[in-house]
Amino acid sequence: MMLTELTSVASAVLPVQALKDHLRLGSGFSDAGMQDGLIESYLRAAMAAIEARIGKVVLTRRFKLSLEDWRSSAEQPLPVAWVSAVVSVALVDAAGGSVTVDPARYRLVQDMHRPKLMAAGVLLPSVPTDGRAEIVFDAGFGAAWSAVPADLAQAVLLLAAEFYENRSDLGQRATGLPVAVQGLIERWRTVRVLGGGAA
């Protein structure tokens, strides 16, 4: 299984000014925007760290999931949430030839923790021998920062601020997420049982 991010978050969507306000950085000076690139990089890093921890996509992007076979013949769990739409499903043979699957043959089961692609009938179409299935889908709470739940938005700002304020640290601090960030993201974490086999 391989998950590829096909689109990225535009710089204009990131809450650069909100983080600058949080950090109480001065404004009105000729160099007021000098650190915007640095702040943006910390926001992206914080967002990635939180997404990895909770299995949820904060801002909407497009992804491609490549699989050698379905998890089961009737359904395929998707590795991240919140999935808003399945764009396409394709079957690729060993020679690289691709056939798009009719959308009438599958449906998206939306779930905050475990979304999945499910057969519209009894079975999903067979994956070609030595080939793969490719699912293209959109995931994320929304395209604008205002669509992000308040606790996750605050967690991203807090973690980005932590990265910024400790940018000169040479590895002397403890690893892991700050306690305040862990508290904010706790309700969004996916609890896996049985090693994820039932997911």
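Which residue takes a positive phi in the hairpin of strand 4 and strand 5? Keep that one in mind while going through these close-ups of a predicted model.

**View A. The hairpin of strand 4 and strand 5.** Here we zoom in on the turn, where 5 residues sit between the strands and G96 is the one with the positive phi, near 95 degrees. The two strands it links, strand 4 and strand 5 (residues 98–100), pair in the antiparallel sense, with 3 bridges between them. To get your bearings, look for A90, which stands opposite T100 in strand 5.

**View B. Strand 4 with strand 8.** Strand 4 (residues 83–92) also pairs with strand 8 (residues 132–139), again antiparallel, and this pairing runs over 8 bridges. A handy landmark is L91, whose bridge partner in strand 8 is A133.

View C. Reading across, the order is 3-7-6, and the pairing is antiparallel.

**View D. Strand 3 against strand 7.** Staying with that sheet, this one picks out strand 3 and strand 7 (residues 116–119), which run antiparallel and are joined by 3 bridges. Check P77 here: K116 in strand 7 stands opposite it. One thing to remember when following side chains along any strand: in a regular one, they alternate between the two faces of the sheet.

Key:
Residues are numbered from 1 along each chain as its sequence is written. This is a predicted model: local features need pLDDT of at least 70, side-chain atom pairs count only at pLDDT 80 or more; totals for chains, interfaces and linings use all residues. Side-chain values use heavy atoms; hydrogens and water are left out. Two strands pair if DSSP finds at least two bridges between them. Helices (H or I, at least four residues) and strands (E, at least two) are DSSP runs, numbered from the N terminus.
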